[in-house]
Amino acid sequence: MTPGILPDDVSLMKELKLNHYRFSISWPRLIPTGIRCLVGISLYGDWGEPVDISNQKDIEAAERFVQFYLGWFATPIFHGDYPQVMKDFIGRKSNQQGLGTSRLPTFSSEEKSYIKGTCDFLGLGHFTTRYITQKNNPLVRSSSSYFTDRDLAELVDPRWPDPGSEWLYSVPWGFRRLLNFVKSQYGNPMIYVTENGVSEKMKCTELCDDWRIQYYKDYINEMLKAIKDGVDVKGYTAWSLLDMFEWDEGYSERFGLYYVDFMNKNKPRYPKASVQFYKRIISSNGFPNQRELEENPRNMQKCQRFGQCMMKFRT
């Protein structure tokens, strides 16, 4: 789930997500007896870093950012209830609005027992990070929402690379911290990284996506560090294999390892330079030895070749 895509009213989310919280109960009906499988859910989360690591309010605001983002859905699955900070903040603001009850619904004891521990693994999508600072949002009943409930401001460092979507900055170290957060908050569950990648924000004129290669290299390296920290990462999936329809941005933003010519009725696909890099990552199950690359010139394909390929299909 991606907060902000759906309506802000948090009261809708309990009804929407309850069946997703307890999704494993239907599997015995679908899977033959005796076959063991793992059931999980894939959630999305950015990392929030305090602007001032010596300021307790900023530290708490950054924690709140992650709890409102990832914890909103993950905490009920692993612990049976919403994060305490969500209950406290939304409850207090609801009281200040003169409402008789919190806008964040409550789980009954039966519901808590029903949803807790229903995840064998956590799928995790991650793309970027924000700096977070404390900000008291004015209380306006007509405009109260998920965003104003958090009492924080999101900032970016202008030095962060931003090759893709306007919201997507390359901040690799945030990935490691988010993975360690999951480890400490939820008892080190098995994690499958289900989405991680970067888009281009301008029309592609060549297939030399060196900046995408750098993004993958940096983020996968931070994931490796997290694994060495003891985080139980079981798998990784790059987002995405092909250029595709991206939410409200349509086809204007391209995350794919393969370029898709949407103007052609046959939708031909062309490999970007990042394909060769990611193929080596997969075949080596990690970063390949540099000597092996130097000894195999075929693995050192240059961007110029991909640019020539692009020119061919455009003529």
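Here are some friendly notes on this predicted model, point by point.

1. **Ground rules.** Because the model is predicted, local features need pLDDT of at least 70 and side-chain atom pairs count only at pLDDT 80 or more, while totals for chains, interfaces and linings use all residues. Residues are numbered from 1 along each chain as its sequence is written, and side-chain values use heavy atoms, with hydrogens and water left out.

2. **The overall picture.** The protein has 11 helices and 9 strands; helices (H or I, at least four residues) and strands (E, at least two) are DSSP runs, numbered from the N terminus. Of its 315 residues, 46% are buried. Here buried means under 20% relative accessible area, exposed means over 50%, and partly exposed lies in between (1.4 Å probe, protein chains only). Among contacts between residues at least 6 apart in sequence, 69% join residues at least 24 apart, a contact being heavy atoms within 4.5 Å.

3. **The annotated residue.** An unreviewed UniProt entry lists E195 under "active site"; UniProt positions are given in the numbering used here, feature names are shortened, and annotations may be inferred rather than shown by experiment. You will find E195 in strand β6 (residues 190-195). E195 counts as partly exposed because its relative accessible area is 26%. Beyond residues up to four places away in sequence, E195 touches L124, G125, H126, F127, T237 and W239.

4. **Another residue of β6.** Y192 also has its place in strand β6. With 30% relative accessibility, Y192 is partly exposed. Leaving aside neighbours within four places in sequence, the contacts of Y192 are F121, L122, G123, L124, K234 and G235.

5. **A cis peptide bond.** Most residues other than glycine have a negative phi, and most peptide bonds are trans. The bond from W239 to S240, however, is cis, with omega near 5°. W239 is one of the residues that E195 touches. S240 sits in the loop between β7 (233-236) and β8 (258-260). Is S240 buried or exposed? It is buried, because its relative accessible area is 2%. A polar atom of the S240 side chain lies 2.7 Å from the backbone oxygen of L242. That pair falls under the term polar contact: a pair of N or O atoms within 3.5 Å, where within protein one must be able to donate a hydrogen and the other to accept it, and residues adjacent in sequence count only if both atoms are side-chain atoms. S240 also touches Y216, F255, G256 and L257, not counting residues up to four places away in sequence.

6. **A buried arginine.** R130 belongs to strand β4 (residues 129-134). At 11% relative accessibility, R130 is buried. What lies 2.6 Å from a polar atom of the R130 side chain? The backbone oxygen of W167 does. Outside the four places on either side in sequence, the contacts of R130 are W47, G48, E49, E154, L155, V156, W160, W167 and Y169.

7. **Two positive phi values.** D151 has a phi near 55°, positive in a residue other than glycine, and lies in the loop between α6 (146-149) and β5 (152-155). D151 is buried, at 7% relative accessibility. N285 is not a glycine either, and its phi is positive at about 50°. N285 lies in the loop between α9 (273-284) and α10 (290-295), and with a relative accessible area of 74% N285 is exposed.

8. **The second largest pocket.** N285 returns here: the lining has 14 residues, of which M223, Y236, I281, N285 and G286 lie nearest the centre of this pocket. The elements that give two or more residues to the lining are α8 (210-228), β7 and α9. On a 1 Å grid over the protein atoms alone, a pocket is an open set of points with protein on both sides within 12 Å along at least five of seven lines, a cavity is a set where a 1.4 Å probe fits but cannot get out, and lining residues have an atom within 4 Å of a point. The volume of the second largest pocket is about 360 Å³; grid points are joined across faces, edges and corners, and a volume is the space filled by probe spheres set on the points.
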